[in-house]
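Here is a short briefing on one protein structure.

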Amino acid sequence: MISPVEPVADHMESAWRRFGQLAIEGLAVAHRADRSRQSDIDRAPDEADTSPRPGAASNDALGHSVEEARRDFAASLSLPNAFAAIAANARLDFDSATLLAVAVSCELDGRLSRLVGYVQDDVNRQRLTLQTIDRLMRDQGASVADVIGMDAALRRAAFVEIVEDGPWAQHTLVVHPGVIWAMVGDNATDPLLPPSMMIVTDDAPHTGDDESDEDFGDDLVVVTGDDLIRRRSQAVRLATADRFLVCGQPTDPAVWDALVRESTLSGMGILIELDGPLSADARRVIARSRHIAWALSSRKELAISEMPNCSWREVYAPSTEPDAAEWDAAVGPVDPHGHRLSAEQLDLVSRVYRAHPGDLDSAVRRLMAGPLEQLAQRIRPTRGWDDIVLSKDRLTHLRSIVDRYRFASTVYDQWGFSAQPSRGLVALFSGPSGTGKTLAAEIVAGELGLDVFKLNLSAVVSKYIGETEKNLEQIFDAAGSGNVVLFFDEADSLFGKRSEVKDARDRYANIEVSYLLQRLERYDGVVLLATNFEKNVDEAFLRRIHARIEFPVPGADERRQIWTRNFPCSAPVDEIDFGFLATQFEMPGGAIRNAAIHSAFLAAADAQPISMRHAVQAVAREYRKMGRLLKPDQFGKYFSLAEGVE
């Protein structure tokens, strides 16, 4: 496990800087001696100076100081301080650590960088070249390839890069600024990191029996499953780090370097949350940077050919629903109102809930803002049980749909009943137009605190082969990521009976129906189907329906209730005979509502209260719209009021 270590005593913290300073000074003294010897070689033999050179004793003292500083530096690497923590996180050996100490010391001290220019005989080259690094490493019994080669620890940690300018010996070592800032105590994150990146901590209590406490010795943990939050939780428990940088898969190599560098400096692992296959860059970085605790999160299993060249362990994270403690942590001690959210959905709702304090239903509705509205019409429920008129047994049946959704967790999770093939709920509303099917869907959704998304068939159904299924898949996927009621009006147009295959069109029409059958079985949410022609619906769908409610044309008593409920108490009504209207005119609830509203507009145009005259004229207009004849015996004494209606 990699982890950051807090700095302690000043002398331990400065051991690396003192060593870096003396190492450069030692190189400068050695370079001066080399130049002096070269001058002696260039002289004539009789001109050679064999007397002791001034400063020889001080050179020996400097050598002793360098060795003493090297020992102190080596000792500091086993003690708690910032440099030691970074070196340990990057898994630097002593030679690599000494090079990092020297290079960073030069970056921090202008005098040392000028000495480097002197050593390299070029005042413009004030950073270490490969030739100088080679000389420094040979003095320690190491090689330049060991400390700065393509697969060296400093390169794997993205701490340094080699700027290629001129011959190989003149290539320059550059320490990334983020490393230098970390050395001087700045813990700000790298600006190249993905803006959406977050830091996740493994706060779950670990026990001796917890499999996450075992050391599996794997370089990589891969977690699959449908729920993002469950995958994330499982990953941080199983991978060998306490904190993780969590983000999507980068596409820029510079961003990969920033992630690796930040992870190494901070001691955090990296969790990549995938929405597709693992890229070649990702495979290369993961296989190369084995000093990091890596984890991958993917909804689907990754192809074996996509896996990095390292040891890995794969686990599945079940999509269990949040428990009471998770609800309380997310939105506080509130009544969930029967909302069946996944852990991922609850995480999103918890963010929205802060903007809608105390209104959990509104926060849940915000889940589907945008994605589904392109293919479906959003209906925000505003009406309740008092707005619908149904017989007692049908009303009870409608309420049972609400109960089945609300208590699914009790039946499936607590009592152990099988939820195969899914926990979804499918209900069919059948009956003539205007009998309350859409209203019933709105009431059910409103009682559950959900929004209704009524499918726009013109946007869903396509003449091109395969496009309809593609659109439907988008709808079910989008609806599955939120908590909504899917409402298929005129369902027989999509769920129609399969026919004998006579040509290619029949074959593809049957494929669409078969696809819908399979998709309905896998959907965990609420699907309401409405049709005027139940006989046209394929029998295979009927077998998968959990509730079937028929909405007949209302009887006289029901029509009277509908008439009275469609006139608000605040409306100016002048002696309308609702009993006559309900008895004489067999109209569905939708037509009655239209007539009530039209009568109000007629009265407003006359600047009068709504009277029987206005109501009769509105009914006559509805009859004309429905293609019915205006019969004198039906209208009775009001027939003269209806005759002139167009």
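**Strand pairing**

Strand β11 pairs with strand β12 (residues 484–488) through 4 bridges, and the two run parallel. The model is predicted. Keep that in mind for each point below.

**Strand β11 and its neighbours**

- Strand β11 covers residues 451–455.
- Strand β9 (residues 376–379) is joined to β11 as well, by 4 bridges.
- β9 and β11 run antiparallel, whereas β11 and β12 run parallel.
- F453 of β11 is the bridge partner of R378.
- F453 is also bridged to L486, its partner in β12.
- Is β11 mostly covered or mostly open? Strand β11 is mostly covered, with 4 of its 5 residues buried.
- Buried here means under 20% relative accessible area.

**The second largest pocket**

- The volume of the second largest pocket is about 840 Å³.
- Its lining is made up of 32 residues.
- Which residues lie nearest the centre of the second largest pocket? They are G434, G436, L439, G589 and G590.
- Four helices, α19 (437–448), α24 (556–565), α26 (589–606) and α27 (612–625), each supply at least two residues of this lining.
- Helix α26 gives the most to the lining of this pocket, with 5 residues.
- By class, the lining has 10 nonpolar, 11 polar and 11 charged residues.

**The largest cavity**

- How many cavities of 30 Å³ or more does a search of the whole structure find? The search finds 1.
- The largest cavity has a volume of about 30 Å³.
- A103, C106, E107, R127, L128, L173 and V175 line the largest cavity.
- Helix α5 (94–108) and strand β2 (172–175) are the elements that give two or more residues to this lining.
- Helix α5 supplies the largest share of the lining of the largest cavity, at 3 residues.
- In the lining of the largest cavity, 5 residues are nonpolar, none are polar and 2 are charged.

**To take away**

- For the strands, look at F453: its bridge partners are R378 and L486.

Conventions. Residues are numbered from 1 along each chain as its sequence is written. This is a predicted model: local features need pLDDT of at least 70, side-chain atom pairs count only at pLDDT 80 or more; totals for chains, interfaces and linings use all residues. Side-chain values use heavy atoms; hydrogens and water are left out. Buried means under 20% relative accessible area, exposed over 50%, partly exposed in between (1.4 Å probe, protein chains only). Two strands pair if DSSP finds at least two bridges between them. On a 1 Å grid over the protein atoms alone, a cavity is a set of points where a 1.4 Å probe fits but cannot get out, and a pocket is an open set with protein on both sides within 12 Å along at least five of seven lines; lining residues have an atom within 4 Å of a point. Grid points are joined across faces, edges and corners, and a volume is the space filled by probe spheres set on the points. Ala, Val, Leu, Ile, Met, Phe, Trp, Tyr, Cys and Pro count as nonpolar, Asp, Glu, Lys and Arg as charged, and the others, Gly among them, as polar.
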